[in-house]
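I am opening a notebook page on a structure that is new to me. My plan is to look up how the chain is divided, what it is built from and how it is packed.

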Amino acid sequence: MKRKLTRKIKEGAIETILFLSALSSVFITISIVAVLSYESFGFFKEVPLIEFLTGKEWTPLFAEPKFGILPLISGTLLTTFIALIVALPLGLTAAVYLSEYAPHRLKEVIKPILELLAAVPTVVYGYFALLFLTPILQKFIPDLSGFNALSPGIIMGIMIIPYVSSVSEDAMRAVPMHIREGSYAMGATKLQTAFKVVIPSAFSGIAAAFIIGISRAVGETMVVAIAAGGMPNLTANPLEPVQTLTAYIVAVSLGDVPHGTIEYKTIFAAGITLFLITLVFNIIGFWLRKRIREAY
Amino acid sequence: MEDIKKRIRTIKFWNSVFWITGLLSTLGGLALLFTLLTDLFMDGFPRLSYKFFASFPSRFPAEAGILSAWVGSFLVLLVTASAAIPLGIAAGIYLEEYAGKNWLTDIIEINIANLAGVPSIVYGLLALGLFVYFFKFGESILTGGLTLALLVLPMVIMATREAIRAIPNSIREASYALGATKWQTVQSHIIPYSTGGILTGIIIGLSRAIGETAPIITVGALTFIAFLPTSPFSSEFPFISFKWLFDPFTVMPIQMFNWVSRPQHDFQLNAAAAGIVLMIMTLLMNGLAIYIRYRFRRKIKW
């Protein structure tokens with residue numbers, strides 16, 4: 001009897017330890033929200049929310065500081081937009097090819113190599129953007145400044161192709177074979193089947209892939225920190241230098257900013273903006289991916 | 001009749017065009033990556049030498065090396081692994097073997113999915129507020145390691161869950177039928193069978209951690225370090241010291257970032273060399289993970 005009791009206590013203790021480990025993920029999220037909110041709260045006590053959201057200049061380190069977040073958001077959006085123009089068509093085309101056309105053996109070889117694109121450290125991509133792509137682009141576009149939004153945008157696009165293509169491909173693979181077979185039986189080619197039958201059926205999965213790509217591009221730091229420049233710039237021109245939310249945080253962290261000052265708090269204000277933007281996209285993406293699983 | 005034949009020909013033509021476009025798109029990204037890596041290699045390879053690995057960074061590009069950087073990376077990764085592996089595996093086991101289908105489990109799962117998508121720099125901000133200032137760990141190896149552990153945790157948890165899910169239920173049922181408790185089943189059957197998948201996930205997570213720059217910059221890793229952290233072996237009792245956990249440090253990607261940001265061409269060559277070392281470390285780890293997954297898959301016969 002005593003042995004059974006000891007065993008029960010031991011099992012209970014182990015289950016509690018395991019449970020707490022799983023619960024730690026909730027604590028991490030709570031901590032992120034807590035830290036960001038606490039410091040941002042301090043920030044917004046000194047800077048009115050309206051000025052933050054609508055101001056067109058971001059110069060917190062100047063003698064006359066301005067705290068309008070729009071230039072940083074425009075930098076983030078511009079680079080993200082360019083990245084998506086590259087990644088979405090290429091990623092989707094690759095996914096259609098791999099899912100509908102490629103012979104099985106070729107697919108087994110190509111997929112791990114595509115994963116390799118995602119494994120390269122982002123500093124290395126930043127190196128490429130600054131020292132390889134920008135000089136090449138400058139030969140075609142003489143007006144291109146050394147730091148610009150176009151080069152890191154393109155490199156980020158290449159970086160997120162594997163994310164877009166693998167989620168799209170999963171979505172297309174989930175479409176049952178008999179739907180395709182019905183289409184082939186009617187005499188359709190692979191192209192027609194892919195674009196008129198498979199893609200519409202896999203739509204929510206493909207939309208999820210887009211959202212994941214957007215989220216990844218918005219949160220990317222090093223490529224833009226290295227190649228896009230350090231000047232916040234409210235512009236839609238990809239040939240000019242811009243600074244993104246993420247690059248700003250890195251720039252301040254590299255300098256000597258004392259704990260507790262308003263400049264220190266600006267990185268948390270930028271951080272909470274970034275977190276909220278990616279949270280919204282992640283939730284949409286999660287909900288869309290749940291819909292693929294439920295549909296079939 | 002001719003009309004229909006013409007339409008069919010057009011449709012088939014576009015089909016063939018897409019066949020080629022699709023292949024080119026798929027291979028295009030890879031070809032581009034290959035070009036970029038070749039460029040990196042050509043610039044950086046001449047700088048690789050024993051002296052490069054054994055020197056500290058310096059104002060003179062020809063003398064600069066990555067000693068403090070790779071030692072820092074190694075120590076930080078050690079902390080990351082020690083924190084993320086037990087926590088991640090435990091969480092994964094709980095979610096797959098013990099958790100019930102209730103709202104609390106749902107919340108935990110949503111959290112893990114969300115954390116996987118949080119930008120790495122937000123983890124850096126969390127660590128700055130929490131580890132550096134609140135827990136007062138300072139801008140140290142411990143902080144850097146824990147930050148990366150948080151980053152890598154969702155990956156370890158998901159890999160553990162995938163590995164455990166692959167085990168057929170018949171094994172569990174046989175174990176319970178013989179009277180084993182849940183933990184005995186986990187210990188003797190679940191963990192051994194899922195080790196391959198878990199190990200793969202851990203290595204891939206660590207290979208991502210080694211290349212992370214932004215969160216480490218945010219917690220205050222310095223970009224110019226000309227000394228090594230305190231050695232863990234001390235000459236007096238108890239012969240092992242943990243002071244190195246609290247020392248300032250730098251890591252490989254930060255060193256590369258620092259060199260890339262300098263205008264002098266020679267520093268950029270150094271950056272390329274550091275990049276090659278970083279890429280080789282990453283590729284080796286990924287290769288190891290794939291090899292382990294392959295070996296384990298062969299051994300297991302359901």
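**Domains of chain B**

I looked up the C-alpha centres of domain 1 of chain B and domain 2 of chain B, and they lie 36 Å apart. The domain assignment, which is automatic or comes from a database, gives domain 1 as 2-46 and domain 2 as 48-299.

I noted before going on that this is a predicted model, in which local features need pLDDT of at least 70 and side-chain atom pairs count only at pLDDT 80 or more, while totals for chains, interfaces and linings use all residues. Residues are numbered from 1 along each chain as its sequence is written, and chains are lettered from A and ligands numbered from 1 in the order in which they are written.

Six residues of domain 1 of chain B are in contact with seven residues of domain 2 of chain B.

**Elements and packing**

I found eleven helices and zero strands in chain B, counting DSSP runs of H or I with at least four residues as helices and runs of E with at least two as strands.

I looked up burial next: 45% of the 302 residues in chain B are buried, that is, they have 20 or more other C-beta atoms, placed from the backbone, within 10 Å of their own. Of the contacts in chain B with a separation of 6 or more, 78% join residues 24 or more positions apart.

**Extent**

I recorded that the C-alpha trace of chain B spans about 80 × 70 × 35 Å along its principal axes.

Conventions. Contact = placed C-beta atoms within 7 Å. Buried ≥ 20, exposed ≤ 12 C-beta atoms within 10 Å, placed from the backbone.
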